[in-house]
Amino acid sequence: MAQFVFENDMHSILKLDMPITDAPMPRWQRKASSSGTTSANTSALTPGKSGNRSLSASKTPSKTPGKNGKPQCTPSKAGADRFIPTRNSKQMDVASFLLAKENEPMDPNASAENQKAWSVSLNGYDLEEAKILHLGGKPLNAPEGYQNNLKVLYSQVPTPVSTKKTRYISSAPDRILDAPDLRNDFYLNHMDWSSQNLLAVALHNSVYLWNANQGDITLLMMMEREEDYICSVSWIKEGNYLAIGTSDHKVQLWDVENQKRLRSMASHSARVCALSWNNHILSSGSRSGQIHHHDVRVADHHIFTLTGHTQEVCGLKWSPDGKYLASGGNDNLVLVWSGVDGGASAVHCFRHHQGAVKALAWCPWQPNIMASGGGTSDRHIRIWNVNTGSCISSLDTQSQISSLVFAPNYKELVSGHGYAQDSLIIWKYPSLTKVAELSGHDGRVLNLTMSPDSSTVASIAADETVRLWKCFELDAVKKKAKERMTKSTSSIIHQGIR
């Protein structure tokens, strides 16, 4: 009998499905009893029997246990650095029930709709959609005048460098024009672009005008004799008169609007390959090495002769302010002359080039700066300061230089090349670092000229084509700023040209 009593006691001790009476109270029951929202018989409830519990929501606890066991009060003043979420006893009960429910088998006879209805009727809400933690309310704003002493190490705000637009330079020309019967002569100046957006092109013994605004092509003039040809063309600043140098030693002046020749000026003894305007003074360079000044307002037009070159003058350019005239010749010299009445002697004589100097260009934004380029035997671009007479910089381009032009929109220098590149190269000024190379011509480039808005450079080459490269167009903001700064200039010629 004693054996059966012992077995019953052992069986009672080993049974695990009976409630443990002497065990400590569960944490969720202790927290519910401490908030004062549960009834006295809370300890007898189990998570599965939540129907006898109070469903009233409790207030947010004002104290939260800290790591050291001492209660830490939630800061109530503005600008506090902590935010405590709302957690009441009902949420803790639901959380405990959901955790216990995971281990229970699903009832196959109970539908989802019935379970939802039971949950709403018993608890007031659907347990499947219940949240363990619920964040209620918004964080408090910092008080007025509050300063954060923390430094910002990283920021996603774009800096001016990252928002700077990159400039796109097309490697293909914007337009290609046919130029048949073009003379492949390095020393000639076949092309010039007027301020009225007319491009004058010399093709053998004829001069054609291309209207860049409308696209029309007009034959302006033709030499009387077939063996004669056009050597140079140059527009006056206002763009209404065109000077033409010919192989029969003459300089013709044409009224473009009326397509009428105003006069033919004969003073040279050889072909006229270079022309340049300075207000009403037209300067012309000849194969004889002489440079003549013509006052186109008077009948006796030849007013002065400059002698300094021993061979053909193939480059001639007046500075933007009209103070200096630069000339380049087949004798490898670059001469700088002072004004119209500056005397017969050159101010500077540069002998650095080892080849013919046809390419000359003055800097529009620095009138005392001039660029020159040498032929096949030289291949160098040299930058000069005419005030001091010094060579600022020099660059070997590894190719014949036939023409130079400054691009003021981006402060760059464009060079046209013959043998062996047959291309255009854009250089950054004054560093002379290469920006881009424009290839497309099948023959050596003979001349370059810039459009009146300085957005397009035109090149004419031995492949009998004229190509327009739109590489210097300004964006809308820069364009408007430039238009505001541009001042309209009136014509200086007040007397009739006879």
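Modeller: Among contacts in the chain (heavy atoms within 4.5 Å) with a separation of 6 or more, 48% join residues 24 or more positions apart. It's a predicted model, so to speak of local features we need pLDDT of at least 70, and side-chain atom pairs count only at pLDDT 80 or more, while totals for chains, interfaces and linings use all residues. Numbering runs from 1 along each chain as its sequence is written, and side-chain values use heavy atoms, with hydrogens and water left out.

Colleague: How many helices and strands does the chain have?

Modeller: Six helices and 30 strands. Those are DSSP runs, numbered from the N terminus: H or I of at least four residues for helices, E of at least two for strands.

Colleague: And where is confidence lowest and highest?

Modeller: pLDDT is the predictor's confidence in each residue, from 0 to 100. The mean is lowest in strand S1 (residues 63-65), at 46, and highest in strand S20 (residues 357-362), at 98. The chain averages 81, and 69% of the residues score at least 70.

Colleague: Which stretches stay under 50?

Modeller: Residues 38-77 do, with 45 contacts beyond four places in sequence in the model. Residues 488-498 do too, with 20 such contacts. Where pLDDT is low, the predicted coordinates should not be read in detail.

Colleague: OK, new topic. Which residues have the most contacts inside the largest nonpolar core?

Modeller: Val414, Leu424, Ile426, Val457 and Phe472, in a core of 17 residues. By nonpolar core I mean buried Ala, Val, Leu, Ile, Met, Phe, Trp, Tyr and Cys residues joined through side-chain atoms within 4.5 Å. Strands S24 (401-407), S26 (424-428), S27 (433-438) and S28 (445-450) each give two or more residues to this core. The largest share, three residues, comes from S28.

Colleague: What does Leu424 touch?

Modeller: Not counting residues up to four places away in sequence, its partners include Val414, Ala436, Leu448, Val457 and Trp469.

Colleague: Last one: is Ser319 buried or exposed?

Modeller: Ser319 counts as buried because its relative accessibility is 5%; the cut-offs are under 20% for buried, over 50% for exposed and partly exposed in between, with a 1.4 Å probe and protein chains only. Ser319 sits in the loop between strand S16 (313-318) and strand S17 (324-329).

Colleague: Which side chain does Ser319's side chain make a polar contact with?

Modeller: Asp321's, at 2.7 Å. A polar contact is a pair of N or O atoms within 3.5 Å; within protein, one must be able to donate a hydrogen and the other to accept it, and residues adjacent in sequence count only if both atoms are side-chain atoms. A polar atom of the Ser319 side chain also lies 3.2 Å from the backbone nitrogen of Lys323.
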